[in-house]
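Here is a friendly walk through one protein model, with the cut-offs stated along the way.

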Amino acid sequence: DRDVTGVQTCALRSTGLNVSVAGLGCGGSSRLGLTAGHSVAHCVGIIRQAVDLGVNLIDTAKVYGTEPVVGAALKSIARDSVIVSTKQKVAQGADFRSAADVVAGLDESLKIMGTDYVDIFFLHTVLPNAYEHVRSQIVPALLREKEKGKFRFLCITEMPPKDARHEMLQHANKDACWDVIMLAFHMLGQNARQKVFPATRARNIGTMIIFAVRSLFSTPGRLQQDIKVLAGEGKLPSWLAEKAQPLDFLLCEGGAQSIIEAAYRYARHEPGTNVVLFGTGNPAHVEPNIAAILKPPFPRADIQKLAELFGHLEGVGLDEPNLGANRA
C-alpha cells in the first residue's frame, strides 16, 4: 500500500478540473524546505517527487516565498500536466489593498513563475471585515483579468486563526463569483461540517482543505497538551486528558499507523472535501503523506466518536505556521 503512483483524482466541482485528491502545499511551516535553509534545487526536488507520484496540484502564494521554486520546477514539467494555484493578500496590515495593487501582484506572480497563467487564483486570508471590499472593489477588476487569460478560476481563502467560525466563507458561499474555497478542517476542528460544506456541496463549489495536520498533530506531545488544557477548561472530559494517546481508538489493528496518517485520512473523506493539501521540506515524508491521504475512510463508528468527543470545539489547532518546524 506504499505504491502511490496512481493518486486518485476528483472533479474540482464546477471548475471541471481533474485534480489529485492530494495537493502539494508550498507554504505552512516547511515551505518545501526553505524554512530550514534548503536550496532551491532541494525544494524543486520535492515538487518533482510529488508530481512523479501522481500529484497534479501545486499550491503556492506570494507570501510563502515559494513562487520562484514553483517557477523553477515548471521549467522541467509540462505546464498542462499540472494545476497551479497562487494567492494574493487583500490587506496590508489594517489597510485594504486596492484592486490595482492586487492585479499588479498577480502580474508579478506570473512573471516570477514564468507562466502566462495560473489555473487557480486565490484572494488570500480574507477576514470577514474585508469581504465587502473584496466583493465590490477587487472581484470586478480580477474578472477583467480573467478575461485576458491570466487565470482560469477565481477563488478565496479564509484566515483560520482569526475566523474560527468561518464567518467570511459563510458570506462568500452566497456569491456566485467563487469557483473554489480554501478552508480549515481537522479532527478537533469540525465545524465546517455545519457552517461551510452544506453550501459548497449545494452550490457545487470546489474545496481545498488546510490545517488537516499542522502542529496539533505533527508536533510530539502537542495533542496531549492541548487536550489537557481543554479538559481543564471543561470543554473535554477529564478521562480523555489522562490517556497517553487520546486517539488510540484510531490506531488499532487495521486502523491508522500514526496520528498524522489518521488526520489526513479523516480530512480526506469528509463529505464536501475535494483536495487535502500536504506540505513538507523532507523528501522522506512526501510519499507517506500522499499514502495517508489515499488510505480508506475510518469506520462510521470512529467518525461518530470523533464527532461526539470534539464536534463542539472551535478554534483548536489553528495557530499560525511554526517556521521552526519542518515535519508535515
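## Strands and the barrel

Strand β4 (residues 57-59) runs parallel to β5, and three bridges join the two. Across this pairing, leucine 57 stands opposite isoleucine 83 in β5. Helices (H or I, at least four residues) and strands (E, at least two) are DSSP runs, numbered from the N terminus, and two strands pair if DSSP finds at least two bridges between them.

Zooming out, eight strands close into a barrel with parallel pairing, in the order β3-β4-β5-β8-β9-β10-β11-β12. From one strand to the next, the twist averages 30°.

## A note on the model

This is a predicted model, in which local features need pLDDT of at least 70 and side-chain atom pairs count only at pLDDT 80 or more, while totals for chains, interfaces and linings use all residues. Residues are numbered from 1 along each chain as its sequence is written, and side-chain values use heavy atoms, with hydrogens and water left out.

## Helices on the sheet

Helix α11 (residues 259-268) lies across β11 (206-210) and β12 (275-278), and runs at about 150° to β12. Helix α12 (residues 283-294) packs on the sheet as well, touching β3 (22-25) and β12, and its direction makes about 160° with that of β12. Contact here means heavy atoms within 4.5 Å. The axes are lines fitted to C-alpha atoms, for helices over the stretch in contact, and angles run from 0 to 180 degrees between N-to-C directions.

Helix α3 (residues 99-113) has 15 residues and reaches 21 Å from its first C-alpha to its last, close to the 21 Å expected at 1.5 Å a residue. That expected span is 1.5 Å times one less than the number of residues. Which residues of α3 are buried? They are Ala99, Val102, Val103, Gly105, Leu106, Ser109, Leu110 and Met113, where buried means under 20% relative accessible area, exposed over 50% and partly exposed in between (1.4 Å probe, protein chains only). Seen down the axis of α3, these buried residues fall within an arc of 155°, so they line one face of the helix; the arc is that of the directions from the helix axis to the C-beta atoms. The face turned away from the buried side carries the exposed residues Ala100 and Lys111.

The buried residues of α3 pack against α2 (67-74), β5 (83-89), β8 (118-124), α4 (131-147) and β9 (151-157). In α2, six of the eight residues are buried, among them Glu67, Val69 and Val70. Their cover includes α1 (40-52), β4, β5 and α3.

## Positive phi values

Most residues other than glycine have a negative phi. Asparagine 204, which is not a glycine, has a positive phi of about 65°. This asparagine lies in the loop between α7 (197-203) and β11 and is partly exposed, with a relative accessible area of 35%.

Arginine 214 also has a positive phi, of about 50°, although it is not a glycine. Its place is in helix α8 (residues 214-218). A glycine with positive phi, near 65°, is glycine 114, which follows α3.
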